[in-house]
Amino acid sequence: MARRLLSIWFPRLASDMSLRTRPVEGPFALTHRSGNADHLHCLNTAASARGLHRGMALADARAICPDLATRSADLAREAAALASLRRWASRYAPMVATDGVDGLMADISGVPHLFGGEADLRDDLQARLERAGLHAASAIAGTRGAAHALARHGGGIVADGRLAEGIGHLPVTALRVAPDTAEALMRVGLSRIADLIHLPRAPLARRFGQGLVLRLDQALGAQAEPVAAEPDAPHFGVRMTLPEPIGQQS
């Protein structure tokens with residue numbers, strides 16, 4: 001049975017969760033203090049449309065968008081929300097792991113036929129998340145690296161055995177390499193994953209580091225990358241048995 005992995009990315013998880021309880025009209029962002037200044041942590045679509053982006057200093061954001069509504073980010077609540085979504089996603093797979101602070105990775109091998117196929121499973125997932133008011137992108141592929149990359153660049157499904165074709169058009173940044181490595185690759189004209197696939201691995205490793213080769217081979221299935229789900233927190237309960245049945249007369 002071919003291994004199939006489902007990646008789910010929540011690009012606006014923190015702001016979506018905050019706006020579910022206290023809606024805001026117009027541009028909105030959560031802020032997080034770093035150093036001596038507040039920075040944008042998570043934005044809604046209206047704020048992004050105004051040219052704001054994550055990591056921007058709040059003072060600069062207000063200069064561009066004076067009507068920006070803000071709240072302080074709650075990192076603990078954001079982590080708890082992702083943990084709840086991980087448990088919810090078990091409806092689609094017996095093993096679901098967190099993928100960073102804004103994503104999930106589920107091993108759906110042998111499961112899609114229960115939903116009518118991979119496309120129907122993905123459609124069901126996206127529809128349920130949309131009804132819940134959550135922005136999400138998802139992708140299905142044969143490796144963790146490929147599913148992760150595609151989910152963050154439009155989503156979709158890569159057919160079994162067609163990894164090189166399915167992710168070749170994506171930028172090298174999709175390989176989860178360090179920013180300076182991606183910048184060095186683009187400076188020499190290697191901007192897409194397809195530009196790297198057929199290059200000898202030894203020269204790539206010498207010039208750009210072993211990490212690049214590892215991520216490339218993981219995405220293409222030449223190197224294994226497991227999906228290990230975090231153990232659920234232990235549940236403690238107490239049961240008391242009474243000697244006689246308890247009833248209530250109406």
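1. Two strands are taken to pair if DSSP finds at least two bridges between them. Strands (E, at least two residues) and helices (H or I, at least four residues) are DSSP runs, numbered from the N terminus. On that basis, Val 96 has Ala 106 in strand 6 as its bridge partner.

2. The model is predicted: local features need pLDDT of at least 70 and side-chain atom pairs count only at pLDDT 80 or more, while totals for chains, interfaces and linings use all residues. Residues are numbered from 1 along each chain as its sequence is written, and side-chain values use heavy atoms, with hydrogens and water left out.

3. The open sheet consists of 5 strands in the order 5-6-1-7-8, with mixed pairing. Strand 5 and strand 8 stand at its edges; each has a single partner strand, so one side of each lacks a neighbour in the sheet.

4. Strand 6 (residues 103-107) is joined to strand 1 (residues 5-9) by 5 bridges in the antiparallel sense, and Leu 6 stands opposite Ala 106. Strand 5 (residues 95-98) also runs antiparallel to strand 6, with 4 bridges.

5. Burial is defined by relative accessible area: buried is under 20%, exposed over 50%, and partly exposed in between (1.4 Å probe, protein chains only). Strand 6 is largely enclosed by the rest of the structure, because 5 of its 5 residues are buried. In a regular strand the side chains alternate between the two faces of the sheet. Here both faces are covered, with Gly 103, Met 105 and Asp 107 buried on one side and Leu 104 and Ala 106 on the other.

6. Strand 1 pairs with strand 7 (residues 137-141) as well, antiparallel and over 5 bridges; Leu 5 has Ala 141 as its bridge partner there. Helix 5 (residues 118-131) lies across strands 1, 7 and 8, at about 160 degrees to strand 7. Axes are lines fitted to C-alpha atoms, for helices over the stretch in contact, and angles run from 0 to 180 degrees between N-to-C directions.

7. Arg 152 is located in the loop between helix 6 (144-151) and strand 8 (156-157). Its relative accessibility is 17%, so Arg 152 counts as buried. Beyond neighbours within four places in sequence, Arg 152 is in contact (heavy atoms within 4.5 Å) with Ser 7, Trp 9, Asp 99, Asp 102 and Gly 103.
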